[in-house]
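Please work through the exercises below with the sequence and the structure in view. Each task is followed by a solution that goes step by step.

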Amino acid sequence: MSTEHRIDSQSLEQFVQAIWRHAGSTDREAALVAEHLVQANLAGHDSHGVGMIPSYMASLAEGQLQLNVHARVVRDAGAVLTIDGGQGFGQVVASEAMDLGIERARQLGLAAVALHNSHHIGRIGHWAEQCARAGFIAIHFVNVVGDPMVAPFGGSDRRFGTNPFCVIFPREGKKPLLLDFATSGIAYGKTRVAYNKGLSVAPGYLIDQQGQPTTEPGVMHEQPFGSLLPFGAHKGYALATLCEILGGALSGGRTTHNATLKTDSSAIFNCMTTIILNPEAFEAPEMQSEAEAFIDWVKASPPSDGKPIEVPGEWEEANREARLQRGIPIDDNTWRQICAAAKQVGMSENELDGYRARASQV
Ligand SMILES: NC(=O)c1ccc[n+]([C@@H]2O[C@H](COP(=O)([O-])OP(=O)(O)OC[C@H]3O[C@@H](n4cnc5c(N)ncnc54)[C@H](O)[C@@H]3O)[C@@H](O)[C@H]2O)c1
């Protein structure tokens, strides 16, 4: 078992900002990327946190990730905005796309934002939370272009990405309800976290190259590659398919097939179609109290294992609270990879030591 490092979220955010400034990002871009990645760790989704930095660096070195690019509206149809991400940081272009959509939903009651050609947009809940902070409901369909990892229901090889689906519902005076998951049984990044820690994954999530069940995360990280399985058998596969079509095709982007398969790159490109709804545009004066009545009702179910019933979003909230207090845990392999990435973009040993000193080994 490898050593774990623990670092407070503020120091980690400063470290990540410094890395991207060294790489050539503006202060704003470095701040948006650092905030997004650290927030993913705080939410408990380490698969989409600072551990992504080495992959982003590789993408930058390959000339895939473009720094300091902004969301560009390629069609404005009133309630529908189609936006080209220009291969820029998803953390920047998705944030700008959501701002534009929120403004439209404020004017019109609802808006659809179709973002294509964006570098990895990370944890989708982050974009949903941006909409919820403005008071809006949001529904996100996302695909991963040309980077198959997941086998179709009944299939035995990888045909599409982990295509996340996300919905948020803001609650009065409470944290929003947040559904945010990959349509694979587990996110690819969770196999990376397990692989880096030398752990196996639970049964039912992976198949090997022959299509046989396995618990070995190495099948996703070493040749010959196996595949992830969709969650919920045919239902997860069906949802993944609609994420691919609404996320990839409707957004003006690409879907995964022979012509779009990545061959020599580790870059991750996402497309996302987001529907933003202004709850105030609905004639539903009891919306909040009806939602709360339902939440109270389901939470009153006698727990089957002694643990209280949670609603979607509470898991992230509990992690945030704990990690803000106790710091963010980072396994040794991931920490070393991040430090190597920092050196790769020219951070001096001296500066790096300053950040290393802020992380404690446990
Ligand atoms: N950008 C991309 O290409 C990409 C691809 C895949 C996944 N992702 C992101 O990866 C992250 C992790 O995805 P995942 O599939 O591992 O998520 P997950 O399996 O951890 O599921 C998270 C969801 O389940 C809810 N949840 C957890 N416990 C619950 C409980 N007891 N009761 C009710 N709800 C509960 C959470 O609130 C959340 O909505 C997500 O943030 C997702 O957006 C991004």
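**Exercise 1.** Find which domains the protein chain is assigned, and describe the contact between domain 1 and domain 2.

*Solution.* The assignment, whose bounds come from an automatic or database source, gives domain 1 (1–61 + 327–362), domain 2 (72–185 + 229–282) and domain 3 (283–325). Residues are numbered from 1 along each chain as its sequence is written. The model is predicted, so that local features need pLDDT of at least 70 and side-chain atom pairs count only at pLDDT 80 or more, while totals for chains, interfaces and linings use all residues, and side-chain values use heavy atoms, with hydrogens and water left out.

Next, take the pair of domains: the centres of domain 1 and domain 2, taken over C-alpha atoms, are separated by 25 Å. Contact (heavy atoms within 4.5 Å) joins 19 residues of domain 1 to 15 residues of domain 2.

The size of an interface is often given as the accessible area lost when the parts come together. Here the buried area (accessible area, with a 1.4 Å probe, that two parts lose on being put together, summed over both) is about 1400 Å², and carbon and sulfur atoms give 62% of this. Within the area that domain 1 buries against domain 2, His36, Tyr56 and Ser59 supply 37%, more than any other three residues.

**Exercise 2.** Describe the shell around the ligand, beginning with the residues that come nearest.

*Solution.* A residue is counted as near when one of its heavy atoms lies within 4 Å; of the 23 residues around the ligand, Leu178, Asp180, Lys190, Gly313 and Glu316 come nearest. By type, the shell divides into eleven nonpolar residues (Ala, Val, Leu, Ile, Met, Phe, Trp, Tyr, Cys and Pro), seven polar (the others, Gly among them) and five charged (Asp, Glu, Lys and Arg).

Now consider polar contacts (a pair of N or O atoms within 3.5 Å; within protein, one must be able to donate a hydrogen and the other to accept it, and residues adjacent in sequence count only if both atoms are side-chain atoms). An oxygen atom of the ligand lies 2.8 Å from a polar backbone atom of Leu178, and a ligand oxygen is 2.7 Å from a polar backbone atom of Gly313. For Asn270, an N or O atom of the side chain is 3.0 Å from an oxygen atom of the ligand.
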